[in-house]
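Please read it alongside the model.

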Amino acid sequence: MQKQLFRQYDIRGKIGTEISPDDFYYLAHATIHYLQQQGPLLAIVLGMDGRVHSQAIYQEIAAACKMAGVDVYYLGVCSTPITTFAHYQLPVQASFMITASHNPADYNGLKISYQKVAVEGEKLQQIYELFVRKTIVQGDTSGLLFDATEMTEMYVTTLVEQFSHLKKFNQPCFIDCGNGTAGPILEKLIHKMGWKNIQLLFKEVDGTYPNHTADPTDMKNMTFLYDTLHQNPGSFGVGLDGDCDRVAIITATQGLVSADRLLTLFAQAMQAQVVIADIKSSTVLQSSGAQIILAATGCANIIQAMHEHHAVIGGELSGHFFFKDRHDGYDDGIYAMLRYFEILMQKNTDCDTFVATLPELFSTKDIRIPCADTYKFQVVQEIKTQLIADQQFKITTVDGIRFETLDGWALIRAANTQPMISVCCQASSPIKLQEMKRFLVLLLQPYIEIKILEQYIL
């Protein structure tokens with residue numbers, strides 16, 4: 001397992017070529033050793049997504065915990081939000097979630113939280129050093145294994161109680177579960193809510209993801225859902241990712257609704273005073289009427305900025321939303337979906353009409369261009385140095401480099417979870433947008449083949 005797999009917010013790689021299930025035995029020991037240096041660690045809650053190698057990884061982590069004397073509350077196959085929910089409910093100090101989120105089927109990994117705070121950044125690098133040394137923790141007694149699979153039922157019941165008024169929600173909606181963990185959870189929720197007009201697509205958990213990669217923010221994964229909406233006039237769509245902490249909204253007329261537009265709608269409905277958004281977000285957020293504060297991409301950065309600025313809503317362009325209003329503030333795709341249903345019902349409007357209230361913008365999505373993990377940070381740093389020296393742009397360097405002109409802005413940054421460079425831009429017109437895209441190609445051309453850049457950007 002190479003160092004670059006210890007990313008900013010989790011540990012993730014391709015099973016078989018970059019990482020093996022056996023590695024998770026030593027990874028669990030390294031993590032336990034690190035966490036015990038921070039404070040008490042008597043028990044963890046452990047969940048996993050439906051990937052074909054998740055069960056084998058679970059066995060390795062459970063074995064390490066047993067040797068280390070750490071009790072495990074096992075959730076079985078569940079969503080990342082359920083693992084976080086269980087962290088709040090059970091007598092544990094940490095949570096482990098086996099998942100590679102929205103990545104393709106050959107990936108897997110681990111998300112770690114301690115005392116309800118994500119273990120990320122430099123903390124993961126310290127765990128890597130312990131992993132390399134094959135650190136082993138030997139407990140005074142063996143850790144015990146507890147069945148905590150009832151947490152899924154408790155999670156659903158909690159949502160039903162909080163959103164009982166949505167039992168009257170009757171707008172036709174299709175939810176694409178992407179063969180991720182959402183299907184079984186939503187089946188329980190739909191049954192308890194008594195919804196008749198909400199239908200699930202690809203609801204079976206299948207870690208091979210036979211229909212499409214479980215990333216709803218990429219329109220190529222949502223084509224079946226989009227076609228379904230056109231076959232069912234008056235309906236709208238919801239997409240959830242593999243571990244169910246991200247959500248996307250799709251309409252027949254608007255297509256895929258970008259997360260910054262959705263964040264704007266949430267903020268408007270909440271009458272938020274301050275909104276925290278990631279650096280990739282567009283100026284559509286100004287329509288919220290709130291003060292907009294841009295933060296570095298990443299859940300931990302958004303949550304930290306929300307705390308610093310006392311914000312009740314924040315979001316990432318990748319579809320993570322954080323509510324500190326009637327919620328504990330962690331990202332949960334299903335919870336965000338219910339908040340959206342709630343707004344539609346309160347406003348007595350359909351999804352297409354509601355989304356169309358936002359101003360039209362000329363912007364790109366978050367474009368991800370393949371670039372090796374060992375090289376991507378160097379590329380971004382050199383372009384940053386070049387643009388700062390140019391002195392003709394307004395520069396923001398909170399995450400990568402965002403540079404502004406009179407006609408718009410563009411962002412170049414290293415992706416946190418994939419071997420890619422992330423770019424996006426916005427301009428005052430379609431012509432100006434095309435000019436900005438060509439400028440991005442010009443900046444990146446010394447580092448990445450022109451054919452690749454033209455394929456992804458132009």
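Buried means under 20% relative accessible area, exposed over 50%, and partly exposed in between (1.4 Å probe, protein chains only). Helices (H or I, at least four residues) and strands (E, at least two) are DSSP runs, numbered from the N terminus. The model is predicted: local features need pLDDT of at least 70, side-chain atom pairs count only at pLDDT 80 or more, and totals for chains, interfaces and linings use all residues. Residues are numbered from 1 along each chain as its sequence is written, and side-chain values use heavy atoms, with hydrogens and water left out.

**Strand S13**

Strand S13 (residues 274-278) is mostly covered, with five of its five residues buried. Val274, Ile276 and Asp278 lie on one side. Val275 and Ala277 lie on the other. Two strands pair if DSSP finds at least two bridges between them.

| Pair | Bridges | Sense | One partner pair |
|---|---|---|---|
| S8 and S10 | four bridges | parallel | Ile175 and Val238 |

**The five-stranded sheet**

An open sheet of five strands has the order S9-S8-S10-S11-S12, with mixed pairing. Its edge strands are S9 and S12 (255-257), each of which pairs on one side only. Neighbouring strands of this sheet are turned by 25 degrees against each other on average, direction ignored. Axes are lines fitted to C-alpha atoms, for helices over the stretch in contact, and angles run from 0 to 180 degrees between N-to-C directions.

Helix H10 (residues 333-347) lies across S8, S9, S10 and S11. H10 runs at about 160 degrees to S10.

Which residues of helix H7 are buried? In H7 (residues 223-231), they are Leu225, Thr228 and Leu229. They cover an arc of only 100 degrees around the axis, so they sit on the same side of H7. The arc is that of the directions from the helix axis to the C-beta atoms. The buried residues of H7 pack against S8 (173-176), S9 (198-201), S10 (236-240) and S11 (247-251). Contact means heavy atoms within 4.5 Å.

**A pocket**

On a 1 Å grid over the protein atoms alone, a pocket is an open set of points where a 1.4 Å probe fits, with protein on both sides within 12 Å along at least five of seven lines; lining residues have an atom within 4 Å of a point. A volume is the space filled by probe spheres set on the points. The second largest pocket has a volume of about 460 Å³. Of the 24 residues that line this pocket, the closest to its centre are Gln8, Lys376, Phe377, Ala414 and Asn416. Helix H12 (373-390) gives the largest share of the lining, seven residues.
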